[in-house]
Amino acid sequence: MRVHGLLLAAGAGRRMGMPKALVRHLDGEPWVVRAVDLLRAGGCAEVTVVLGAGAAEARELLAATAVEIVEAPDWAAGMAASLRAGLRALEPGPAEAALVSLVDLPDLTPEVVRRVAAAGADAATDALARAAYDGRPGHPVLIGRGHWAGVLAEASGDAGARGYLAGHDALAVECGDLATGRDVDRPQ
């Protein structure tokens with residue numbers, strides 16, 4: 001199955017004091033660069049990054065990464081705007097599925113990416129799976145091409161595709177043994 005990594009990095013990061021795409025780890029590496037590398041290490045040969053807040057500066061950070069960059073003009077409307085912009089950018093390409101991840105998942109590992117992608121491999125364009133951490137749904141999320149139109153139609157606000165995934169019985173792929181799934185921009 002041909003899986004294309006889709007990294008959502010458009011948020012303003014108000015709780016962090018700067019756009020999410022510009023935040024750096026303690027070692028100085030930008031979150032957005034590390035997340036791209038992680039998706040590649042997890043098996044996504046191609047990665048598209050969706051930017052919004054701080055897009056010009058983030059483009060500079062990504063200059064050496066050879067990724068496709070898409071700007072979500074309505075990024076301030078929430079995660080769904082970024083998701084829609086990213087999926088629309090992938091529509092003309094050959095990907096059978098998009099593996100959607102967020103830029104603010106500090107302990108995500110390539111093993112989680114591989115496990116979620118592998119769980120949907122047999123379903124190909126009908127794949128619909130998401131990581132779960134001790135039973136709690138999280139990211140990344142694998143969305144087969146056959147679901148893109150439905151996600152585009154239903155995604156809203158900061159909930160993104162949550163309603164669509166719940167209504168279509170997305171496969172929960174337990175990854176609590178590999179990471180916590182903690183999103184640093186969401187209260188736990």
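**Stop 1: the cysteines**

Start by selecting the cysteines: the structure holds zero disulfides, a disulfide being a pair of cysteine sulfur atoms within 2.5 Å. Click on cysteine 44, which is in no disulfide; the nearest cysteine sulfur belongs to cysteine 175 and is 14 Å away. Now hop over to cysteine 175, which is in no disulfide either, with the sulfur of cysteine 44 as its nearest, 14 Å away. Are these two buried or exposed? Cysteine 44 is buried, with a relative accessible area of 3%, and cysteine 175 counts as buried at 0%. Here buried means under 20% relative accessible area, exposed means over 50%, and partly exposed is in between (1.4 Å probe, protein chains only).

Before you go on, know that this is a predicted model: local features need pLDDT of at least 70, side-chain atom pairs count only at pLDDT 80 or more, and totals for chains, interfaces and linings use all residues. Residues are numbered from 1 along each chain as its sequence is written, and side-chain values use heavy atoms, with hydrogens and water left out.

**Stop 2: zoom out**

Show the whole protein chain as a cartoon and you'll find six helices and seven strands. These are DSSP runs numbered from the N terminus: helices are H or I with at least four residues, strands are E with at least two. Follow the chain from the N terminus and the elements run β-α-β-α-β-α-β-α-β-β-α-α-β. The C-alpha trace spans about 40 × 35 × 30 Å along its principal axes. Of the 188 residues, 53% are buried. Among contacts (heavy atoms within 4.5 Å) with a separation of 6 or more, 69% are between residues 24 or more positions apart.

**Stop 3: the core**

Next, look at the largest nonpolar core, which has 64 residues; Val49, Leu83 and Leu99 touch the most other members. Helix H1, residues 31-41, gives the most to this core, with seven residues. A nonpolar core is a set of buried Ala, Val, Leu, Ile, Met, Phe, Trp, Tyr and Cys residues joined through side-chain atoms within 4.5 Å.

Select leucine 99 and show what surrounds it. Leaving out residues up to four places away in sequence, leucine 99 touches a list that includes Val3, Leu39, Val113 and Pro140.

Then pick valine 32, which is found in helix H1 and counts as buried at 0% relative accessibility. Its contacts beyond four places in sequence include Leu7, Ala21, Val49 and Val103. Try the distance tool on valine 32 and leucine 102: they are 70 residues apart in sequence, but 9.2 Å apart in space, C-alpha to C-alpha.

**Stop 4: arginine 130**

Jump to strand S5, residues 128-133, where arginine 130 has its place. This arginine is buried, with a relative accessible area of 13%. What does the side chain of arginine 130 reach at 3.2 Å? Look for the backbone oxygen of glycine 138. Arginine 130 also touches residues including Val116, His139, Leu165 and Val173, not counting those up to four places away.

**Stop 5: histidine 147**

Finish in helix H5, residues 145-154, by selecting histidine 147. At 13% relative accessibility, histidine 147 counts as buried. Beyond four places in sequence, histidine 147 is in contact with Thr125, Asp126, Ala127, Leu128 and Tyr164.

Notes: Polar contact = N/O pair within 3.5 Å; in protein donor to acceptor, adjacent residues only side chain to side chain.
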